[in-house]
Amino acid sequence: EKEGNKKLAMASTTKIMTCIIVLENSKGDEIVSVSSNAAKQPDVQLNANSGDQYYVKDLLYALMLESYNDVAVALAEHVGGSVEGFATLMNKKAQQLGCQQTNFVTPNGLDASKHYTTAEDLCKIAAYAIQNSSFLEITNTMNYSFNELTTNKTYQVSNKDRFLSIYQGAFGVKTGFTGNAGYCFVGAANREDTTLISAVLGSGWPPNKNYKWTDTTTLMDYGFEHFSKQEFFKNAPSLLNIEVINGCVSTLPLEYTNTSLEILA
């Protein structure tokens with residue numbers, strides 16, 4: 001890592017947390033009504049109108065594939081009652097994941113003075129998100145179409161994650177850019193039995209749009225080349241019992257659950 005614990009703006013990589021919060025607190029067939037607040041969000045956007053209605057599932061694809069800011073707010077208001085209420089859910093989850101240097105203000109990642117994270121915390125959030133099968137299905141979809149429910153207007157969205165096509169084993173996760181954050185990307189890749197998560201924040205500013213891909217590739221290559229899995233306790237050792245003082249039982253056995261560990265070779 002380089003400055004892995006430095007608090008920085010994270011642009012639309014914020015939407016990783018937005019997506020997982022929505023997945024855990026709603027159902028895909030729930031109907032979202034777009035508010036005037038959501039409809040007036042700046043580009044990039046779906047250009048939804050106030051009063052438009054969509055299924056949660058469809059908006060999640062629009063959120064993660066095209067990174068629409070109006071969609072993020074519509075989903076946040078649907079799940080959290082308001083942007084502020086949704087930010088509370090985001091920050092609660094961040095604390096549960098051990099992200100001590102993170103604070104969410106917006107669901108879309110637009111620049112805000114108290115909206116920040118670190119590369120390390122962002123990796124923790126992504127590592128949690130990719131354990132959700134619905135999250136993986138969304139972020140690995142290349143193209144998706146859906147309709148607005150009152151007018152039946154059709155929308156087509158396509159995945160902007162170039163890493164999926166340029167790196168062996170890549171399976172995510174999310175791009176981002178604002179003037180304050182610069183180009184950002186959270187990546188995920190799997191080879192054999194090893195999964196790596198990476199995060200780059202402020203990885204160049206216009207016109208250096210491709211720095212995030214080269215930086216991510218460098219990080220991933222380093223991880224796959226230098227980390228290996230070492231096995232311990234191939235045969236279960238005979239472990240001692242621990243004496244319990246003033247307990248319901250006099251002793252408890254020592255136990256272990258993990259027999260392997262990823263180490264830097």
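## Salt bridges, to begin with

A salt bridge is a side-chain nitrogen of Lys or Arg within 4 Å of a carboxyl oxygen of Asp or Glu. Keep that in mind as you look at this predicted model, which holds 3 salt bridges.

Take Lys 124 and Glu 120: their closest N and O atoms are 3.9 Å apart, so the pair makes it inside the 4 Å cut-off. Both residues sit in helix α6 (residues 119–129), and because they are 4 residues apart there, about one helical turn separates them. Lys 124 is partly exposed, at 31% relative accessibility, and Glu 120 is partly exposed too, with a relative accessible area of 29%.

Lys 160 forms a salt bridge with Glu 66, with 2.9 Å between the closest N and O atoms. Lys 160 lies in the loop between β4 (154–158) and α8 (163–166), while Glu 66 belongs to helix α3, so this pair links parts of the chain 94 residues apart.

The remaining bridge joins Glu 24 to Lys 93, the closest N and O atoms being 3.1 Å apart. Glu 24 is in helix α1 and Lys 93 is in helix α5, 69 residues apart. Glu 24 is partly exposed at 34% relative accessibility, but Lys 93, at 12%, counts as buried.

## Where α1 meets α5

That last pair takes us to a helix packing. Helix α1 (residues 15–25) and helix α5 (residues 83–96) pack at an angle of about 100°, and their axes are 10 Å apart. So α1 is roughly perpendicular to α5.

Which residues of α1 and α5 make the contact? From α1 come Met 17, Thr 18, Ile 21, Val 22 and Glu 24, and from α5 come Phe 86, Leu 89, Met 90, Lys 93 and Ala 94. Sorted by class, that's 7 nonpolar, 1 polar and 2 charged residues.

In soluble globular proteins, nonpolar side chains tend to be buried together. Here the largest nonpolar core has 59 residues, and Leu 46 and Leu 75 touch the most other members. Helix α3 (residues 56–66) supplies the largest share of this core, 8 residues.

What does Leu 75 contact, leaving aside neighbours within four places in sequence? Its partners are Val 22, Val 32, Val 56, Leu 59, Leu 60 and Leu 63. There's also a second, separate core of 10 residues, including Phe 163, Tyr 167, Ala 170 and Ala 189.

Conventions. Residues are numbered from 1 along each chain as its sequence is written. This is a predicted model: local features need pLDDT of at least 70, side-chain atom pairs count only at pLDDT 80 or more; totals for chains, interfaces and linings use all residues. Side-chain values use heavy atoms; hydrogens and water are left out. A nonpolar core is a set of buried Ala, Val, Leu, Ile, Met, Phe, Trp, Tyr and Cys residues joined through side-chain atoms within 4.5 Å. Buried means under 20% relative accessible area, exposed over 50%, partly exposed in between (1.4 Å probe, protein chains only). Helices (H or I, at least four residues) and strands (E, at least two) are DSSP runs, numbered from the N terminus. Contact means heavy atoms within 4.5 Å. Axes are lines fitted to C-alpha atoms, for helices over the stretch in contact, and angles run from 0 to 180 degrees between N-to-C directions. Angles under 35 degrees count as roughly parallel, over 145 as roughly antiparallel, 65 to 115 as roughly perpendicular and the rest as oblique. Ala, Val, Leu, Ile, Met, Phe, Trp, Tyr, Cys and Pro count as nonpolar, Asp, Glu, Lys and Arg as charged, and the others, Gly among them, as polar.
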